[in-house]
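This briefing looks at side-chain contacts between charged groups and between aromatic rings. Please keep the sequence and the structure at hand while reading.

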Amino acid sequence: QVMLAESGGGSGPAGGSLRLSCAASGLTYINYDMAWFRQAPGNMREAVAFISPASSTIYYAASVEGRFTISQENAKDTLYLQMNSLQPEDTAMYYCAADSGCTAWTLLNMGPGNSGYWGQGTQVTVSS
């Protein structure tokens with residue numbers, strides 16, 4: 001059974017930092033493109049960052065470029081999102097996603113498909 005388990009969310013003031021983790025199990029992690037998404041109440045889901053299996057390709061949404069860093073430890077089957085200079089507009093539920101059968105564009109714009117998975121999410125709340 002495949003599981004993506006996010007952790008590291010929480011609450012804090014603007015300007016602070018948080019590090020999210022996504023521990024994968026039940027899949028061959030090295031075969032998967034990984035991404036972070038977020039969704040705030042009343043808003044559409046937004047792709048935040050993407051990383052390819054060898055970390056050779058990384059993308060960020062313009063809204064987080066320069067503040068967030070996506071990384072992974074293949075030996076631990078774990079994805080990370082270091083979030084610095086947090087702003088109230090970063091408040092959202094953050095989800096990790098994995099897919100082994102689509103392009104980066106498809107994963108970021110459509111979410112994982114039939115060969116992919118979602119995590120359950122971790123809440124991030126930033127106060128002004």
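With which residue does Arg38 form a salt bridge whose closest N and O atoms are 2.9 Å apart? The partner is Asp90, and the pair links distant parts of the chain, since Arg38 belongs to strand S4 (residues 33-39) while Asp90 sits in the loop between strand S8 (78-83) and strand S9 (92-99), 52 residues apart. The model is a predicted one, and the points below set out this contact together with others.

**Salt bridges**

- The structure contains 4 salt bridges, and a network of them links Arg38, Glu46, Arg67 and Asp90.
- Arg38 also meets Glu46 through their side chains, in a salt bridge with an N to O distance of 2.8 Å.
- Asp90 is bridged by Arg67 as well, and here the closest N and O atoms are 2.7 Å apart.
- Because Arg67 lies in the loop between strand S6 (58-60) and strand S7 (68-73), whereas Asp90 lies in the loop between S8 and S9, this pair ties together parts that are 23 residues apart in sequence.
- Side chains of opposite charge can pair when their charged atoms come close.

**Burial within the network**

- Arg38 has a relative accessibility of 6% and therefore counts as buried, the cut-off for burial being under 20% relative accessible area.
- Asp90 is buried, as is Arg38, and Arg67 is likewise buried.
- Glu46, with a relative accessible area of 28%, is partly exposed.

**Aromatic pairs**

- The count of aromatic pairs comes to 4, and one of them is the edge-to-face pair of Tyr95 and Trp118, with 6.3 Å from centre to centre and 80° between the planes.
- Tyr95 lies in strand S9 and Trp118 in strand S10 (residues 116-118), so this pair joins parts of the chain that are 23 residues apart in sequence.
- Phe37, Tyr95 and Trp118 are linked into a cluster by ring pairs.

**Charges over rings**

- Arg45 lies over the face of Phe37, at 5.4 Å from the ring centre, and Phe37 is itself a member of the aromatic cluster with Tyr95 and Trp118.
- Arg19 places its charged end over the ring of Tyr80, at 3.9 Å from the centre of that ring.

Definitions and conventions:
Residues numbered from 1 in each chain as written. Predicted model: local features only at pLDDT ≥ 70, side-chain atom pairs only at ≥ 80, totals over all residues. Heavy atoms only, no water. Buried < 20%, exposed > 50% of the residue type's maximum accessible area, 1.4 Å probe, protein only. Helix = DSSP H or I, 4+ residues; strand = E, 2+ residues; numbered from the N terminus. Phe/Tyr/Trp six-rings, centres within 6.5 Å; stacked < 30°, edge-to-face > 60°. Lys NZ or Arg CZ within 6 Å of the ring centre and 35° of its normal.
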